[in-house]
Amino acid sequence: FPASLHDSIMTLLCTKLLPLTLGPMHPAASPSHTELSLPAIIMYVCLYSHKRAHYTQLIECMMSLKTDLWKDLLTVIAYAPLPVRAVCARLLFHYWPHLQPTSAEEIYTFSYSGWTPIQCQHKDCPNKDHSPAQQVVFSCSFSATAAEQGPPVYMCGLC
């Protein structure tokens, strides 16, 4: 993809696709295809995007959705091309709880605001506090009757 689309692709990936495919509705016992593909997603973002903010946006989004992301980073470090290994090693050492890189090694600035979950958009949601969305409805007739906006409509598990 052209570099002009990288920001839009990363926003779509981190705010829509990953949260909906790795969200709370998926059982932890059987990993989804998305969860099994996370090392490849990390590798492709680090290989084709050259903005440091994209790396941190992706890693922080994945960290909010998966507790053992360090395994995926180690997989990328083990099998990815050399430039991607360096980026992922720096990311791993930056976010690792007890290992902090020295200031000479830290060439990336890690500053990106975290992802906020999409709330349920159903008009008559039984939850007063509008719990996080777990489903996406693309039906125009449903959005006309049950939501205040057009498709897609994000709904919680109770709606």
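Entry 1. I looked up the contacts of Ala 146 and found that, leaving aside residues up to four places away in sequence, Ala 146 touches Gln 121, His 122 and Lys 123. Contact here means heavy atoms within 4.5 Å. I note that this is a predicted model, in which local features need pLDDT of at least 70, side-chain atom pairs count only at pLDDT 80 or more, and totals for chains, interfaces and linings use all residues. Residues are numbered from 1 along each chain as its sequence is written, and side-chain values use heavy atoms, with hydrogens and water left out.

Entry 2. I placed Ala 146 in helix H7 (residues 140-146). Helices (H or I, at least four residues) and strands (E, at least two) are DSSP runs, numbered from the N terminus. Ala 146 counts as buried because its relative accessibility is 9%; buried means under 20% relative accessible area, exposed over 50%, and partly exposed in between (1.4 Å probe, protein chains only). I also read off the C-alpha separation of Ala 146 and Gln 121, which is 8.6 Å for residues 25 apart along the chain.

Entry 3. I then turned to the whole protein, whose secondary structure comes to seven helices and two strands. From the N terminus on, I read the order of elements as α-α-α-α-α-α-β-α-β. Of the 159 residues, 34% count as buried. Among contacts between residues at least 6 apart in sequence, 51% join residues at least 24 apart.

Entry 4. I examined helix H3 (residues 38-48) against helix H5 (residues 69-79): they pack at an angle of about 55 degrees, with axes 9 Å apart. Axes are lines fitted to C-alpha atoms, for helices over the stretch in contact, and angles run from 0 to 180 degrees between N-to-C directions. H3 and H5 are therefore oblique to each other (under 35 degrees is roughly parallel, over 145 roughly antiparallel, 65 to 115 roughly perpendicular, and the rest oblique). On the H3 side, I list Leu 38, Pro 39, Ile 42 and Met 43 as making the contact; on the H5 side, Leu 69, Asp 72, Leu 73, Thr 75 and Val 76.

Entry 5. I looked up the largest nonpolar core, which has 23 residues; Ile 42 is among those with the most contacts inside it, as are Leu 18 and Cys 88. Such a core is a set of buried Ala, Val, Leu, Ile, Met, Phe, Trp, Tyr and Cys residues joined through side-chain atoms within 4.5 Å. I found a second, separate core of seven residues, including Cys 125 and Ala 147.
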